Structures are given as C-alpha cells and as structure tokens.
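Me: I have a protein model open on my screen and would like to talk it through with you. Could you help me read its fold and its loops?

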Amino acid sequence: MSYRAGKTILASTIAKKYSEELTSVTSKMATKPKLVGLLGNQDPAAKTYAEWTARTCESLGFQYELIQCPKENLEDEIYKCNQDDAVNGIMVYFPVYNDGQDQYLQQCVSIEKDVEGLNFKYVSNMYHNIRYLDAPENTKKSILPCTPLAMVKILEYLGVYNTLLPYGNRLFGKTITIVNRSEIVGRPLAALLANDGATVYSVDINNVQKFERGDGLQLKSHRVVDTEFELKDVAPKSDVIITGVPSSNYKFPLEYVKDGAVVINFSSEKNFDDRIKDIASLYVPSIGKVTIAMLLRNLLRLMNNKKPHSVEEI
C-alpha cells in the first residue's frame, strides 16, 4: 500500500466554521435575509449551482429565490430587485453574453445589494487596497469578490498566511502561481494576494504577468508588470499553485509542481489528475462551499452597511 505524505482538504471542512457563524447570526433574526439569484443563460451547470445555492441558503437560515428569464430581460429583472426592499442581496449567474455586456450587467446591480462584490467601487477599492467605504470613520466595510475572498480564507485555513507577521503582510515571502486571469476571479485574486505581500504570477493563454505590492513590507497597493516568463518558469518555484481553467480537457502539468506545494483548484472542472496527491502537501480539489459562505457573509455585511448594527458582526 503506497503512502501519501500530502493531504486532501475538502471545502466542506473549511466552510464549517463560517457556516456555523452564519447560522448563529440568522437564528437570532426575526426575518430571514433574502438572496435573489438571476439566471439568464441555458447552462445546465449554472442551474445546478443555483439549486445547490438554494439548498445551502435554506440550511443556513437565508431565503433564496431564483428568477429565470431570457437574457434580454435580465437588466429589467435586476432593476426590479434593486427596488424591492424585501431583497437584501442579488447575484447574477455569469456568463450571460460572455462579452462586455456581462460587465455592464454587473454594474446594474445596486452597490447596496451586490453580494458578489463586482460593483466598480468595490473592485476599485480592492485593487487600491482600500478596505472601507467611509474613511476615516471606517464603519462600512468594502465588499470583496466572493470567490477570491473564499480563496483567501482557504489559504488562511491551510496555514499559508503567516500569522506571526502583521495583518496585511502575512504572505510576505510567498510565491504563488494562478492559472486564470478572468476579471471575476483570477485578476482580483492576484491583486488580493499581492496586496497581502505575495509575489503572484498570473497566467493566461497570452502571457504571464507578475503582481507584487512593492519593496519589502511597505503596505501599499499592488503593481503589475508583463513578463517574458512561461508557466514552466514560474510554477516550479511556487509555494502555492491555484487553477481555474473551465475546460474538461485541461490538466495542469504535474512536472511543474514542486514537492510540498499547496495546490487549489477553483474550476468546476478537474484541473489535476489524482497523482497530484503524491506531490502536493495540501490539495483542495474544489472551493464551492467556501465561496457560498463568503457570498452570504457579504450579504450580512451589506445589511450592516445600509443600517449599522442591524446585524451581528461576523
């Protein structure tokens, strides 16, 4: 019988703490917070995800409503939800048009109900390492995109963040490769990790970009530079490898993973074959349950931003 030095960590294990926190808060509320999901595409995977989201919401003390409509009507449905006081949070299942129209739809969602953290203000704050909406009072937290935020929580759980260093510097000295540079996950994730001190190599089909915060432990927003590197140049020296390639045909080359690296896949597809368990020290094959916990956490924060102290802080 072969011995594997590494360990596979399931998202459900990581999410347990946050799920318990959410249930603790919602159990004390007279009215359950309401999340609306808007589905304007015919993707069966999106429908399955929506159904799973509904079950998760209900199990954690939230209301959930799925609105399905032709994509041409999606903008109108978003505005209706913006105006509905019974709706506390809105999420849209992307992609819809898979082009610039999707970015337009993201901005149609009210900033007060944007649980995914995709509003331009939230994205701008994230890229500039601004953590509050109302400086200098600092009572309203800026919302972070839920999937990148989930990744941060996973890295904290796995011990990649060095808790002996000050907050904001805890990835100092870490090298991370991310194979995905989408505007919803890959790029904001690279920025978040660079803002926490890591050197991040962001890989897509065109090139490799390097995200870093600057010299030493100075706390400032990240900077980005194009490089001449290829995946084979950056992955083997990385402490952490993160993939999010939405293709069943893609498999990350295992010869580029150094022994003992931390490996995380956030794609709905399996980006690694099972041999990764013989190489990685810690392997997280999917992150969905942590992502939905962060989305619901964002919903509660939005409620507090709108009406301070209306919801218990978590």
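This is a predicted model: local features need pLDDT of at least 70, side-chain atom pairs count only at pLDDT 80 or more; totals for chains, interfaces and linings use all residues.

Me: Thanks! In which order do the strands of the open sheet stand?

Reply: The sheet is open and has 3 strands, with parallel pairing. Neighbouring strands are turned by 20° against each other on average, direction ignored. Read across the sheet, the order is 3-2-4.

Me: At about what angle does helix 3 run to strand 4?

Reply: Helix 3 spans residues 74-83. It lies across strand 2, strand 3 and strand 4. Its angle to strand 4 is about 165°.

Me: And which strands does helix 9 touch?

Reply: Helix 9 (residues 288-306) packs on the sheet as well. Its direction makes about 125° with that of strand 2. The strands it touches are strand 2 and strand 4.

Me: Now the loops. Where does Pro 95 lie?

Reply: The peptide bond from Phe 94 to Pro 95 is cis, with omega near 0°. As for its place in the chain, Pro 95 lies in the loop between strand 4 and helix 4 (100-108).

Me: What is omega for the cis bond joining Ala 135 and Pro 136?

Reply: To find the spot, look at the loop between helix 5 (120-127) and helix 6 (146-157), where Pro 136 lies. A cis peptide bond joins Ala 135 to this proline, and omega is about 5°.

Me: Is Asn 98 buried or exposed?

Reply: Asn 98 is found in the loop between strand 4 and helix 4. It has a positive phi of about 65° although it is not a glycine. Its relative accessible area is 63%, and the cut-off for exposed is over 50%, so Asn 98 is exposed.

Me: And is Asn 129 buried or exposed?

Reply: Asn 129 sits in the loop between helix 5 and helix 6, and its phi is also positive, near 60°. Its relative accessibility is 17%. Buried means under 20%, so Asn 129 counts as buried.

Methods
Residues are numbered from 1 along each chain as its sequence is written. Side-chain values use heavy atoms; hydrogens and water are left out. Two strands pair if DSSP finds at least two bridges between them. Helices (H or I, at least four residues) and strands (E, at least two) are DSSP runs, numbered from the N terminus. Axes are lines fitted to C-alpha atoms, for helices over the stretch in contact, and angles run from 0 to 180 degrees between N-to-C directions. Contact means heavy atoms within 4.5 Å. Buried means under 20% relative accessible area, exposed over 50%, partly exposed in between (1.4 Å probe, protein chains only).
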